[in-house]
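Hi,

Here is the structure I promised to pass on. Have a look at it first, and then read on for what I found in it.

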There are 2 protein chains.
Amino acid sequence: MPQHIDLKQPILDKNDRMAGELRQRFADAGVYVLDLLASPGSGKTSTILATIDALRDEFNIAVIEGDIASSVDAEKIKAQGTAAVQINTGGACHLESAMIRRAVDVLDLDRLDLIIIENVGNLVCPTDFDLGENAKAMILSVPEGHDKPLKYPGVFQVSDAIILNKADTMPVFDFDEEAFTSSVSQLNPGAPVFKISATKGDGVDAWASWLAERIREAQRQ
Amino acid sequence: MPQHIDLKQPILDKNDRMAGELRQRFADAGVYVLDLLASPGSGKTSTILATIDALRDEFNIAVIEGDIASSVDAEKIKAQGTAAVQINTGGACHLESAMIRRAVDVLDLDRLDLIIIENVGNLVCPTDFDLGENAKAMILSVPEGHDKPLKYPGVFQVSDAIILNKADTMPVFDFDEEAFTSSVSQLNPGAPVFKISATKGDGVDAWASWLAERIREAQRQ
């Protein structure tokens, strides 16, 4: 019988050790960290911009942008006056905690309340990687279709909150909201679903309130 | 100095050897194989259905469906009366040639002219994997945004043709078509861009004609 060599587990183990160190460092500095997952083009950057707008009066925020290439997202965040660090993975389909550690080294953690990590646009690979975050959230956008929980169950299961973005385009697409929320609640019964339109601002308040409450709770501890 | 262990290259080497064997087998049977890449929800299955509609009078077609989980896409293809084999990768973010070989074993290659492989919804991982195909094509859908060539250059570079789907929704989204085609032509000057609306049928003829010409050309050799 051929020997089975698991190539993935040692990488995950190493990642998780470093994620544990990061988590401690974030807790010591009183920083809440959100890892945001989604497909390409689902509106991660627009959602981050809208979230910052809703929370900037109460919290000091920085963003870590993960992309295969380019710095277009970090530029958009910086244009809004928020600190942003761009990570280019150079081909890798997800962020790892070693990349986050390098990004964190250029941030002043003691001055921050919230770091939002925009992961690489991908519903699969980022799911397995702990980045030392307090919570993972995911975005599905209406044009992607209501059947995505069936096809990408993992990301719906690991997310503490699910954002349904581009909700204003529902009339344009054949999106069955009931089928979607029913699939989600089977995969992840406790997770709230926030229906938003990031570019128009609709529904952002409920999502931002949920996040703000989690940040305050972490800071009380 | 720590030893550098390249975990990816041996996997790619093994994949490419098996892809070479598959390519020979496809050529011997006179089957043209298209590997279709795209994000989740960009309309791969709808595009395949529209392509089959346009080509079924001339060619015998089968579809290999790659998904993390579920068989919703294969069911849609079968409902249209076309042979479909579902591969569930069980978490893997791309198809590999070993998976294609198992799927091909249940198809009658001698009876087929065209196999369309619907890869896992992912703009990153499938890019590196040769599946023995004659051509790779990719879909970007308008709601994903015109900046995607900058952020996911690899998939635009390896694709022999680029399909811009959901073109009918351009008025709804802030999609800069000129910026998109300019980025694409810098990354991949020779690749045609087909603007379609798969569900409405607009533009599918030009794409299907391009594909049909490639199939006929391969069959003449």
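**A strand in the middle of things**

Let me start with strand β5 of chain B, residues 135–141: six of its seven residues are buried, so the strand is largely enclosed by the rest of the structure. Before going further, please keep in mind that this is a predicted model.

Which strands pair with β5(B)? One is β1 of chain B (residues 32–38), which runs parallel to β5(B) and is joined to it over five bridges. In that pairing, L34(B) sits opposite A135(B). Another is β6 of chain B (residues 161–165), again parallel and again over five bridges.

Ignoring neighbours within four places in sequence, its contacts are L37(B), A38(B), V155(B), F156(B), S159(B), I162(B) and I163(B). M138(B) and I163(B) also turn up among the residues with the most contacts inside the largest nonpolar core, together with I117(B) and, from chain A, I117(A), M138(A) and I163(A). That core has 130 residues.

**The sheet, seen in chain A**

Within chain A, β5 (residues 135–141) and β6 (residues 161–165) pair in the parallel sense over five bridges. If you want a residue pair to zoom in on, L140(A) stands opposite L164(A) in β6(A).

Which helices pack on this sheet?

**How the two chains relate**

Chain B superposes on chain A by a rotation of 180° with 0.0 Å of shift along the axis, at an RMSD of 0.0 Å. So what we have is the relation of a two-fold axis. Both copies use the same surface, as 100% of the contact residues of chain B recur in chain A.

How many residues does each chain put into the contact? Chain B gives 31 residues and chain A gives 31 residues. On the side of chain B that touches chain A, α5 (148–151) and α6 (153–158) of chain B each supply at least two residues. The largest share of that side comes from α5(B), with three residues. Sorted by class, that side of chain B has 15 nonpolar, ten polar and six charged residues.

**A few single residues**

Phi of S70(A) is near 80°, a positive value in a residue other than glycine. S70(A) lies in the loop between β2 and α3 of chain A, and with 18 C-beta neighbours inside 10 Å it counts as partly exposed. For S70(B), phi is likewise a positive value near 80°. S70(B) is in the loop between β2 (61–67) and α3 (72–79) of chain B, and it is partly exposed, with 17 other C-beta atoms within 10 Å.

A206(A) has its place in helix α8 of chain A (residues 204–220). Is A206(A) buried or partly exposed? With 14 other C-beta atoms within 10 Å, it is partly exposed. A206(A) and F194(A) are twelve residues apart in sequence, and their C-alpha atoms are 7.1 Å apart in space.

Finally, R23(B) is in helix α1 of chain B (residues 8–29). R23(B) counts as partly exposed, with 17 C-beta neighbours inside 10 Å.

Cheers

Notes:
Residues numbered from 1 in each chain as written. Chains lettered and ligands numbered in written order. Predicted model: local features only at pLDDT ≥ 70, side-chain atom pairs only at ≥ 80, totals over all residues. Core = buried A, V, L, I, M, F, W, Y, C linked by C-beta atoms within 7 Å. Buried ≥ 20, exposed ≤ 12 C-beta atoms within 10 Å, placed from the backbone. Contact = placed C-beta atoms within 7 Å. Pairing = 2+ DSSP bridges. Helix = DSSP H or I, 4+ residues; strand = E, 2+ residues; numbered from the N terminus. Least-squares fit on C-alpha atoms with pLDDT ≥ 70 in both. Nonpolar A, V, L, I, M, F, W, Y, C, P; charged D, E, K, R; others polar.
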